[in-house]
Amino acid sequence: MESKATLCEFCSAINFNLLRVPTAGQLRRLSASLDITGQYPFKRNLEGSQTEWELGPMKRIQSSADLCNLCRAISQVYDDTNVYNAAEGLDPDMLCTVGLGFRGYFAPENISSVSPAVLENMGFGVEQAQDLLFTFRSLTIKWTDNFTESHTFFPKTIWAKHALHEYDTRHSKVPLPLFNDEEIPDDGRLLSGRIASPQVQFNMLRAWIDECTSRHEDHCGTVFSSRFVHHQIEFQDVNFELSKIRAFRLIDVKLRAVERFDNVNIADMKYLALSYVWGFAQRLVINRHNMKKLGIAGSLSGAVSKTIEDAMHLTEMLGIQYLWVDALCILQDDALDKSHHLSYMGEIYKHALFTIVAASGIDAESGLSGVREPRMFRQQIVKVKDSTTESSEIQLVTAQTVRSLWQTDYLFGTNWSTRGWTLQERALSRRALIFTDTQVYWSCREATWTEDIFAETNMTKRKLKFYDFDIGSGFIGVSSKATEAAEFDNDGEKAWDDLRVQISEFSSRHFTGHDWKNFLWAIPVTRFELGLCWNRHAQIKNGGSRGSPLARREGLTTLPMTTLDCRVQFPSWSWIGWMGSVEMRFTNQYRETGMREEIVCYVLRNSPLRVVRISRTISDETEAPMPPIPSIPRHLQNPNIVTLESILSECPLLTEDILRKTPDNQFIAFWSEIAVFHVTGPVLAENTTWHDAEFSYFEVRNTSDPKGPIVGKTDWCTRGDGNDAICQAGEGKFAFILLATNAAPGSAPEKVVLQVFRRGGVAYRICVARIQENQWMKARPKRQLVILG
């Protein structure tokens with residue numbers, strides 16, 4: 001920390017007063033109707049002020065670092081930015097520019113006490129008092145290729161957003177009190193930058209939690225749900241009967257063991273939930289074989305993945321006894337238990353006291369930065385203006401997090417933010433404590449608090465917004481109140497906007513790192529083949545033990561669609577063509593446990609009539625034929641390719657005239673193995689998890705021995721329900737089509753197949769089934785071209 005502000009000629013030209021943040025005394029005087037419009041950051045008529053300053057080539061700044069305080073700080077940010085932008089690369093010849101970056105805006109809490117005369121001096125009328133907002137700024141750094149030397153029309157530009165912020169040096173030794181406005185002195189700088197410690201400060205986290213739980217009860221403490229009514233949205237209290245669950249497991253962080261609770265209401269439990277990325281590393285999961293052992297005190301100590309271990313330590317340090325983590329609270333080898341808990345996932349995150357978000361790292365071994373191990377970052381305090389008789393000194397602090405212009409928020413680019421399932425966890429959480437590599441921040445429906453900015457005050461509480469947290473990173477909170485919607489208009493525009501954000505976010509998220517922007521009948525084209533393996537959710541309802549049946553959606557689309565401009569049927573191969581709850585099986589979790597697709601799918605399209613590989617539907621390119629290889633028999637070359645000619649030759653019932661009358665995207669085609677098996681049932685499934693719940697399925701046997709050993713099982717069905725598609729199909733011989741192979745560790749390999757019926761040369765889905773691999777081979781399956789409708 002320098003005793004004197006020593007700046008070079010270039011840096012001396014910067015108007016550092018524009019970086020001023022409000023003091024407690026200024027807001028107190030404003031609330032007392034004293035005019036402060038001549039003071040920063042409340043000064044008027046700044047529209048014509050300079051907001052950018054060119055500092056010359058970066059190598060000039062580096063050479064001036066020994067003499068200029070700001071050049072030294074920029075050099076440090078340059079080095080850190082070069083690490084984070086290694087792929088793009090910074091060059092010492094690049095030109096450096098600093099400018100004002102809008103960090104957020106605020107308004108005094110007691111705005112109603114400000115007199116009309118003061119409001120008029122500020123440029124506001126009395127009727128505009130509720131719209132009174134002031135901005136606070138930071139210093140952003142930009143490096144650009146030297147245009148004259150690069151000879152390019154669009155020079156490369158790299159940014160370091162919010163690189164420096166005003167620092168409250170007067171209260172650096174004794175920090176300002178958190179959420180205690182009466183104890184904040186008049187010269188205390190609100191919204192000022194802070195020096196973060198390598199280890200997370202648990203007392204700060206506890207203060208955030210206490211403030212929200214004690215003051216935000218109306219918005220953050222109550223769970224609400226919404227439903228659509230015509231074009232408007234109504235808000236209702238949640239039916240807490242929906243939160244009752246038969247078996248609910250939690251980690252007791254004091255005992256380091258998994259505890260099971262039977263027939264409890266989730267809403268009555270006090271626990272935290274963890275949202276994280278599994279990746280390829282998961283040291284320990286719960287299953288039917290070890291669940292008793294994991295209930296013993298100390299069984300989790302040193303045995304779980306690093307992120308879970310850190311989350312347990314954090315939970316204990318915050319004074320909470322229980323933590324919910326999917327890997328240790330859902331039996332990973334029990335389809336019934338897994339399906340049951342997945343149907344309650346929304347309730348689990350909605351009723352958690354708050355959600356711990358592990359946003360950094362790529363897998364479960366990444367940990368929570370700063371919880372048990374120190375974080376690695378550098379911060380500098382820089383004096384840029386000496387005090388005078390008219391104004392106090394200005395010191396800046398470098399940010400602990402370096403981000404580019406394109407990183408719209410603190411979560412941008414994290415592995416966590418790209419995962420589709422984390423959207424549900426994010427949207428349903430009432431509160432969240434979010435960990436990145438270098439930062440911890442709190443997000444709830446009422447406030448955002450972060451380590452690097454002092455915002456723990458109610459003096460700036462009203463409409464305090466941080467741009468970097470509110471663009472995409474603030475938790476949506478779909479459980480909202482009618483009063484929130486009223487802030488927009490009577491039609492619930494707020495709720496509609498939340499819905500828009502969620503849809504937009506989901507379409508840009510992915511499960512595997514592939515493109516998720518394109519879907520075919522609600523199945524992602526980049527995971528389409530595994531997407532066909534969806535199955536019924538084994539839901540258990542409190543009012544009944546069997547759950548709802550899975551039945552075909554027989555209606556047509558509401559509006560005309562496709563190139564034929566007609567209303568079309570919902571295809572049987574997509575889950576959207578069925579009524580009932582389903583479970584998708586195309587996430588990393590299934591591939592990592594041995595599931596792989598055995599087919600390559602094509603789709604029939606019209607105007608002109610053509611066949612397109614589904615993975616190429618983004619560009620609508622037909623399959624380019626490979627040149628023949630003389631040494632390989634023709635029937636073995638490119639065995640998975642489907643063409644229009646192959647459909648017409650292999651499926652004589654589908655004439656060209658029929659295909660031309662078929663709407664786009666109704667028929668999918670692929671080569672696969674087909675075998676016939678005998679199906680009997682339904683039979684009641686053995687159920688050791690919930691003794692009063694009923695699950696049924698049909699048994700699959702070889703046609704040569706219909707009463708012989710069971711070789712496979714169909715999907716779950718609802719016995720005795722006439723609407724259930726599997727029960728409607730009944731017993732008898734059926735064709736089964738191979739979709740995928742599942743070779744989970746420790747289990748015998750099995751084939752994931754589709755039970756179908758045929759009509760007019762087209763196969764239609766009945767259900768998915770699983771058949772032992774060795775029995776599938778004994779059935780001598782035939783390779784055929786399948787048309788699925």
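**Close-up 1. Four phenylalanines, F42, F106, F134 and F136, make up one aromatic cluster.** The model shown here, as in every view, is predicted.

Close-up 2. Which residues of helix 1 are buried? They are A24, G25, Q26, L27 and L30. Just after helix 1 comes S33, which takes a positive phi of about 65°.

**Close-up 3. Helix 6 (residues 202-215) packs with helix 8 (residues 306-317).** Two numbers describe such a packing: the angle between the helix axes and the distance between them. Here the angle is about 70°, and the axes are 10 Å apart. An angle of 65 to 115 degrees counts as roughly perpendicular, so helix 6 is roughly perpendicular to helix 8. The crossing of helix 6 past helix 8 is right-handed. Which residues make the contact? Helix 6 contributes F202, L205 and R206. Helix 8 contributes H313, L314 and M317. Sorted by class, the residues in this contact are four nonpolar, one polar and one charged.

**Close-up 4. F261 and Y322 form an edge-to-face aromatic pair.** A ring pair is described by the distance of the centres and the angle of the planes. F261 sits in strand 8 (residues 257-265), and Y322 sits in strand 10 (residues 322-324). The pair therefore ties together parts that are 61 residues apart in sequence. Are the two residues buried or exposed? Both F261 and Y322 are buried.

**Close-up 5. W442 and W449 form a stacked pair.** Their ring centres lie 6.4 Å apart, with the planes at 25°. Planes under 30 degrees apart count as stacked, so this pair of tryptophans qualifies. Why does W442 count as buried? Its relative accessibility is 0%. W449 has a relative accessibility of 5% and therefore counts as buried too. The cut-off for buried is under 20% relative accessible area.

Note on methods. Residues numbered from 1 in each chain as written. Predicted model: local features only at pLDDT ≥ 70, side-chain atom pairs only at ≥ 80, totals over all residues. Heavy atoms only, no water. Axes fitted to C-alpha atoms, helices over the stretch in contact; angles between N-to-C directions. Helix = DSSP H or I, 4+ residues; strand = E, 2+ residues; numbered from the N terminus. Parallel < 35°, antiparallel > 145°, perpendicular 65-115°, else oblique. Left-handed = near helix turned anticlockwise from the far one by under 90°. Contact = heavy atoms within 4.5 Å. Nonpolar A, V, L, I, M, F, W, Y, C, P; charged D, E, K, R; others polar. Phe/Tyr/Trp six-rings, centres within 6.5 Å; stacked < 30°, edge-to-face > 60°. Buried < 20%, exposed > 50% of the residue type's maximum accessible area, 1.4 Å probe, protein only.
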